[in-house]
Amino acid sequence: MVSVFLSGLLATLVAQTVDAYVVPQGKLPDLHKLGTQDYLFPYLAGAAPYFSFPGNYGIPTTAPEGCEISQLQVIARHGERYPTTGRARRLFSTYYKLSNYTREFNESLSFLNDDYTFFISDSNNIEQETTYKNSLDVLNPYTGQRDAEKHARQFLDEYSALLENTTSFPIFAASSRRVHDTAQFFSKALGEKYNVTLQVVSEAPTSGANTISAGNACPGWNESANANITDAFSTDYLKNIASRLNRQNKGLNLTQTDAFNLFNWCAFEINVRGYSYMCDVFTQEELINYSYYDDLTSYYQDGPGYDMIYDVGSNLFNASVKLLKQSEELDLKVWISFTHDTDIVNLMTTIGLFDNGVKLDPTSVPFRDLVYRKSWQTPQGARLYTQKYKCSNETYVRYVLNDAVIPLESCKSGPGFSCPTTEFYDYAADRMNGRNFYKSCDVASVSNVTELTFYWDYNERHYNDTLLNQ
Ligand SMILES: Cc1ncc(C[n+]2csc(CCOP(=O)(O)OP(=O)(O)O)c2C)c(N)n1
């Protein structure tokens, strides 16, 4: 009797354990495609899964011989995700067009003939991080959850010494749900030794300057400010894709907008499923055009091509420099924050990491002189590390973006191509001279909060803002 009861209990337990891991299995024939498309990621406009920065000179990211890290700041993008509401709407319109096609598909679209299911199968997932649970294939190696967990382990591997005397510390997250979830996956993956308090800092415009996401509190920003420049980029590559697919599939009526959407289909399907046959639609030339269009629009909307961005990025840069200057007095040596891609791009613009003064050319793809490659800078899970280290009696600052040391072109005389702090503080002051986020963005129209304080007042305020699906 007891043994019957025990075996019943065991069966229930096993069923529960197994059930906890029930996620879609994926299709067997697609096994060979899973996790094999990394070579495309640098061309997918930052929508593809994480990849290390390709412009890497191999400078070790660890502190140079004889030097010791005294402060680390991490600012990271959320991980792999489902498309946003706007993107999903556009993707569905192209998907409906294809799903209403009544003939057999040919050539690169023939994968749609098989029992293809669209990768957004539950609208609740829109805007959200991809996880083991909501991923469309149990073997998807690119979930945002896994990325954050792996990042946490990599961080511990390199920097756990900085937490030697600190087991309780804050991690800051903008209040977007996917950003928060990434911060939480990261925090949990640090292990039970650490007691992390997530500080969820509002990204609503009312938070004004006290935000990790200045881009969300900048009413003065105008998406079309430089549209006259970016619109000059030829859309022939999109027309070519549409006409090739229409030629191969009689009666199909794809437009150049559909062709543009297919790039997002390719990128986000990889986030969700771990592979995408849609990526095989493009030629290398088309991928290059697409990624350059992303560089170009980012440069003129969120980078050095739009003067206001130096003010926007100064909100975080100013706080970062303040933390660096206070490193001796502060108990905490590690400052970790999570936010959106544009905020990191804005920050890097003010820092001047990818600004060689050459304005991006909208009339053709540059090869030799292109240093502003947004499509390389902020893939899903992107991470910018600010390192401060001490060697003998000197201190230095340098940046590591997505596993690659990116020296400051005008200040790199220190060990490991770092910038001596004495010079760095002047450099930073110069970059932010006359810059004012609050004024330039007309923040006063949405908030009276003029200063970023969360790094200094989190202990009293306990930031715990409502999460937003944006
Ligand atoms: C300076 C600035 N203000 C406002 C915007 C408008 N804006 C567009 S996207 C975005 C947030 C980032 O969203 P998303 O593109 O979904 O990036 P992700 O969350 O994937 O990192 C903002 C604030 C902007 N791009 N730049």
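**View 1. The link of Cys 411 and Cys 419 is right-handed, with 85° about the S-S bond.** The two cysteines form a disulfide (a pair of cysteine sulfur atoms within 2.5 Å). The sulfur atoms of Cys 411 and Cys 419 are 2.0 Å apart. Both Cys 411 and Cys 419 are buried. Buried means under 20% relative accessible area, exposed over 50%, partly exposed in between (1.4 Å probe, protein chains only). This is a predicted model: local features need pLDDT of at least 70, side-chain atom pairs count only at pLDDT 80 or more, and totals for chains, interfaces and linings use all residues. Residues are numbered from 1 along each chain as its sequence is written, and side-chain values use heavy atoms, with hydrogens and water left out.

**View 2. Cys 67 and Cys 391 form a disulfide.** Their sulfur atoms are 2.2 Å apart. The S-S torsion is about 105°, so this disulfide is right-handed. Cys 67 sits in strand E1 (residues 67-77) and Cys 391 in strand E5, so the pair ties together parts that are 324 residues apart in sequence. Helices (H or I, at least four residues) and strands (E, at least two) are DSSP runs, numbered from the N terminus. Cys 67 is buried at 14% relative accessible area. Cys 391 is buried at 8%.

**View 3. Cys 218 and Cys 441 form a disulfide.** Here the sulfur atoms are 2.1 Å apart. The torsion about the S-S bond is about -80°, so the link is left-handed. Cys 218 lies in the loop between strand E3 (195-201) and helix H5 (227-230), and Cys 441 in the loop between helix H13 (437-440) and H14, so the pair ties together parts that are 223 residues apart in sequence. Cys 218 and Cys 441 are both buried. The structure holds four disulfides. Counting bonded cysteines along the chain, the pattern is 1-5, 2-8, 3-4, 6-7.

**View 4. Helix H12 (residues 421-431) has buried residues Thr 421, Phe 424, Tyr 425, Tyr 427 and Ala 428.** They cover an arc of only 160° around the axis, which puts them on the same side of H12. The arc is taken from the directions from the helix axis to the C-beta atoms. Thr 422, Asp 426 and Asp 430 are exposed on the other side. The cover over the buried residues includes helices H9 (308-325) and H10 (341-351). Strands E5 (383-391), E6 (394-401) and E8 (419-420) also belong to this cover.

**View 5. The side chains of Asp 457 and Tyr 463 are joined by a polar contact of 2.7 Å.** Asp 457 is placed in helix H14 (residues 454-461). At 13% relative accessibility, Asp 457 counts as buried. A polar contact is a pair of N or O atoms within 3.5 Å; within protein, one must be able to donate a hydrogen and the other to accept it, and residues adjacent in sequence count only if both atoms are side-chain atoms.

Methods: Contact = heavy atoms within 4.5 Å.
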